[in-house]
Amino acid sequence: MARINEHYQKLKAGYLFPEIGRRVRTFQQDNPNAKIIRMGIGDGVLPLAPAIVAAMKTAVDEMGQTEAFHGYGPERGYEFLAKAILDNDYRPRGVDLQVEEIFISDGSKCDSGNIQEIFALESKVAIVDPVYPVYVDTNVMAGRTGSIDSEGRYERMVYLPATAENGFSPPPPDMGVDLVYLCSPNNPTGATLTREQMKSWVDYAHRHDAVILFDAAYEAFITDPEIPHSIYEIPGAKEVAIEFRSFSKTAGFTGTRCAFMVVPMALKGIGRENEKVSINTLWNRRHSTKFNGVSYPVQRGAEACYTPEGQKQIQENINYYLENARIIRAGLEKLKMDVYGGVNAPYIWLKTPGGIDSWKFFDKLLNEAHIVGTPGSGFGPTGEGYFRLSAFALRENVTEAVERIHSRLKL
Ligand code: MLT
């Protein structure tokens with residue numbers, strides 16, 4: 001019989017969101033009349049913008065004609081989309097990148113999960129805790145950690161606690177690491193890194209020859225003009241950082257799938273003979289071996305996000321979610337809860353009332369108010385005692401959820 005990859009046996013039970021789904025299904029079976037409001041997973045509810053739908057339809061029609069048909073596309077994505085990304089997401093922010101530095105993919109979950117493959121198994125990895133679970137779990141699967149302790153920390157992984165005291169943005173550690181995952185605006189806490197904080201990370205990476213894996217999937221939700229949208233707005237970042245971006249949260253592509261990674265030519269790793277190796281070349285080798293590109297109609301839809309009407313329409317959706325976040329925050333603050341995030345991010349991070357643990361609060365909210373959220377401890381041990389609510393919901397559900405929390409939750 002084939003032996004399995006034993007590192008998988010180190011993983012905590014199930015992946016967070018399927019586990020929540022399982023508990024909610026059980027609750028619904030036991031309470032068939034309960035009208036559940038879902039504010040757990042960050043999944044858009046508004047339809048794709050009309051400009052995106054029109055572009056996708058045109059592209060599908062092309063696929064039905066011999067002369068316009070597209071078979072396998074370039075694995076790293078069509079140049080039309082890479083150019084639109086450079087012209088709209090980067091050049092206006094003073095960031096000069098080349099088409100060859102962009103890799104279009106089917107999602108930041110895959111990108112941020114797969115990237116660790118091209119780094120040595122003995123790499124020391126740091127994560128901010130709490131964190132998007134994919135960063136940790138994929139390193140565990142690869143065998144980069146030891147086993148998990150009773151508090152939920154893996155041996156050999158460096159945890160940087162994100163607490164209310166440090167504004168949920170811990171500073172770089174004193175020790176050196178090889179890889180560090182950063183996420184701004186942050187999932188789950190909604191905190192953002194200031195320019196100075198980003199600079200301290202870029203300086204740290206230069207000092208310790210570390211690579212920053214910068215997840216900017218939520219950058220479209222930044223409202224504060226002082227907060228950078230890209231790590232490359234910091235001088236020197238191209239030599240030390242990879243950036244992940246996604247159309248999922250920006251433009252409702254969670255079901256359609258399109259994202260991209262920036263791997264600058266200036267970024268180098270160390271090879272067998274201690275020689276410098278281009279990370280871009282390595283990632284291109286990995287990407288073109290294991291991936292055949294995002295479908296043509298989807299890439300045309302993503303391109304349409306950058307047209308003037310596309311920009312206007314997706315901004316309206318982002319504003320809608322941000323207004324949801326404002327309503328949730330205001331509702332919880334009225335109850336004197338400690339609430340964070342939700343201003344430059346679609347997530348609200350709250351301290352569980354009465355100091356109960358995160359899963360107990362999950363059950364309480366589900367049982368008393370029929371609302372689904374995400375337990376903070378699911379994102380890491382320092383998330384214990386916290387809870388995340390997602391603003392990706394219909395407005396009527398958001399207002400009803402706030403009303404139910406006020407009227408039904410026994411605080
Ligand atoms: C979340 O709710 O944290 C995200 O939707 C998960 C994801 O993007 O994969």
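# A guided reading of the predicted model

The protein contains 12 helices and 15 strands, where helices (H or I, at least four residues) and strands (E, at least two) are DSSP runs numbered from the N terminus. The model is predicted, and local features need pLDDT of at least 70, while side-chain atom pairs count only at pLDDT 80 or more and totals for chains, interfaces and linings use all residues. Residues are numbered from 1 along each chain as its sequence is written, and side-chain values use heavy atoms, with hydrogens and water left out.

The overall form comes first. For 411 residues, a compact globule would have a radius of gyration near 22 Å, and the 21 Å of the protein agrees with this; the radius is taken over C-alpha atoms, and the globule rule is 2.2 Å times the number of residues to the power 0.38. Along the principal axes, the C-alpha atoms fill a box of roughly 60 × 55 × 55 Å. Of the 411 residues, 55% count as buried, a term that means under 20% relative accessible area, with exposed over 50% and partly exposed in between (1.4 Å probe, protein chains only). The protein exposes about 18,200 Å², of which carbon and sulfur atoms supply 52%; accessible areas come from the Shrake-Rupley method with a 1.4 Å probe, and for residues only the protein chains shown count as cover. Among the contacts with a separation of 6 or more, 73% are between residues 24 or more positions apart, contact meaning heavy atoms within 4.5 Å.

The open spaces follow. Rolling a probe the size of a water molecule over the atoms shows where empty space is left. On a 1 Å grid over the protein atoms alone, a cavity is a set of points where a 1.4 Å probe fits but cannot get out, a pocket is an open set with protein on both sides within 12 Å along at least five of seven lines, and lining residues have an atom within 4 Å of a point. Grid points are joined across faces, edges and corners, and a volume is the space filled by probe spheres set on the points.

The largest pocket has a volume of about 620 Å³. It is lined by 24 residues, of which Asp 209, Val 211, Lys 268, Gly 269 and Ile 270 are the closest to its centre. At least two lining residues each come from helix H6 (195–208), strand E9 (268–270), strand E10 (276–278) and helix H8 (279–290), and E9 gives the largest share, three residues. The lining divides into 14 nonpolar, four polar and six charged residues; Ala, Val, Leu, Ile, Met, Phe, Trp, Tyr, Cys and Pro count as nonpolar, Asp, Glu, Lys and Arg as charged, and the others, Gly among them, as polar.

Helix H8 also holds Ile 279. This residue counts as buried because its relative accessibility is 2%. Beyond its neighbours within four places in sequence, Ile 279 is in contact with Ile 118, Phe 119, Ile 242, Val 263, Leu 267, Lys 268 and Gly 269.

The structure also holds two cavities of 30 Å³ or more. In the largest cavity lies about 110 Å³ of space. Its lining has 15 residues, with Val 128, Leu 182, Cys 183, Asn 186 and Leu 193 nearest the centre, and strand E5 (residues 179–183) gives the most, three residues. By class, this lining has 11 nonpolar, four polar and no charged residues.
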